[in-house]
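Here are my notes for your first look at this structure. Please read them with the model open beside you.

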Amino acid sequence: AKSNRKNTFAITDQVTQNERKRAMQLTRDLYDADLDRDFFVLFQPQVSATNHCITGAEALVRWNHPKYGLISPLEFIPLAERTRFIETLGGWVMRKACLQGQQWLEQGRKPITIAVNVSPSQLRQEDFTKKVLEILRSTGFPPYLLEIEMTEHIFIEGMAQIIETLNELHLHGIRIALDDFGTGFSSMQTLVELPFDQLKIPKEIVRAAIDSEEKRAIVKMIIQLGDRLKMTIVAEGIEAMVEAELLTGLGCQTLQGYLFHKPLEALSVEPLLDQQA
Ligand code: C2E
Ligand code: CA
Ligand code: CA
């Protein structure tokens with residue numbers, strides 16, 4: 001038994017060592033990556049809970065690694081966040097997303113909001129608002145159709161600076177969404193003080209709501225709170241009709257998930273928009 005345990009440790013060590021090696025390699029490769037060649041952006045439509053028509057789309061970045069192929073943002077975003085590369089990548093995603101949104105508008109398609117995820121270190125840049133406004137100006141995309149998504153992890157450090165930036169963005173008409181609400185650290189206080197237009201309920205909480213009456217009560221409370229604060233509520237990760245029905249019944253206005261649409265290439269979103277025009 002003793003040697004067995006030793007073996008297990010040896011294997012675990014090997015695994016973490018390989019993981020660390022891969023992380024280091026990928027971090028180096030991020031630096032060498034060519035944004036336009038190696039990265040692309042998918043758009044996952046969000047639909048109205050009442051008629052399932054598309055009202056918006058979330059931009060989700062993908063890395064096509066020259067050697068390893070497609071890598072999940074769950075793996076490379078944390079690596080990019082450890083260096084300033086996230087600022088470059090994040091800015092690139094935002095420009096891409098706004099360019100696409102503007103192209104759809106110019107083609108006469110139905111206007112939808114475009115949501116872009118931003119990392120804490122992006123929001124902490126002194127000139128973040130300036131950068132966003134420059135992207136809007138140069139692409140022509142209207143501020144009221146751009147939505148910036150951030151998670152509660154943003155509130156761990158440098159809160160004062162971030163509040164200022166969020167207020168500035170909001171004053172310019174840009175929408176602000178709190179992603180993965182209920183998984184981090186935000187208090188009622190932050191919800192009241194910050195200019196959020198939208199709360200996103202993560203898939204874990206959606207799943208939990210199906211399972212128990214108590215969890216349903218929590219979701220109900222979140223939705224009521226959002227209503228009182230004039231925020232729209234989006235339920236994420238909707239995979240089953242029962243989930244869509246439950247969350248709609250509880251008062252969510254917007255739904256997002258594989259049941260309706262997966263993250264798609266821009267070209268595949270177009271016929272969906274046209275169908276509904
Ligand atoms: P997120 O912002 O919470 O995005 C939603 C994730 O859930 C996406 O994963 C999406 O593909 C996935 N998803 C959508 N519908 C369903 C469903 O019905 N079931 C399940 N199981 N999953 C669903 P993805 O694209 O792999 O992105 C993972 C995370 O990476 C994102 O989570 C976000 O935190 C981060 N991320 C993606 N793109 C960017 C970006 O441009 N910048 C930053 N900072 N982070 C990004
Ligand atoms: Ca998001
Ligand atoms: Ca989310």
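**Notes on the ligand sites**

1. Ligand 1 sits in the largest pocket. A pocket is, on a 1 Å grid over the protein atoms alone, an open set of points with protein on both sides within 12 Å along at least five of seven lines, where a 1.4 Å probe fits. A molecule sits in a pocket if more than half of its atoms lie within 2 Å of its grid points.

2. This is a predicted model: local features need pLDDT of at least 70, side-chain atom pairs count only at pLDDT 80 or more, and totals for chains, interfaces and linings use all residues. Residues are numbered from 1 along each chain as its sequence is written, chains are lettered from A and ligands numbered from 1 in the order written, and side-chain values use heavy atoms, without hydrogens and water.

3. Look at the polar contacts (pairs of N or O atoms within 3.5 Å). The side chain of Glu239 comes to 2.5 Å from a nitrogen atom of ligand 1. For Gln44, a polar side-chain atom is 3.0 Å from a ligand nitrogen. Asn117 lies 3.2 Å from a ligand oxygen, counted from an N or O atom in its side chain.

4. Now the calcium ion (ligand 2). Glu58, Asn117, Glu149 and Asp179 coordinate this ion at 2.2 to 2.3 Å. Donors are N, O and S atoms within 2.8 Å of the metal (3.2 Å for Na, K and Ca); water is not among the atoms, so sites may look incomplete.

5. Asp179 also bridges to the calcium ion (ligand 3), and the two ions lie 3.9 Å apart.

Definitions and conventions. Polar contact = N/O pair within 3.5 Å; in protein donor to acceptor, adjacent residues only side chain to side chain. 1 Å grid on protein atoms, 1.4 Å probe; cavity = no way out; pocket = protein on both sides within 12 Å on 5 of 7 lines; lining within 4 Å.
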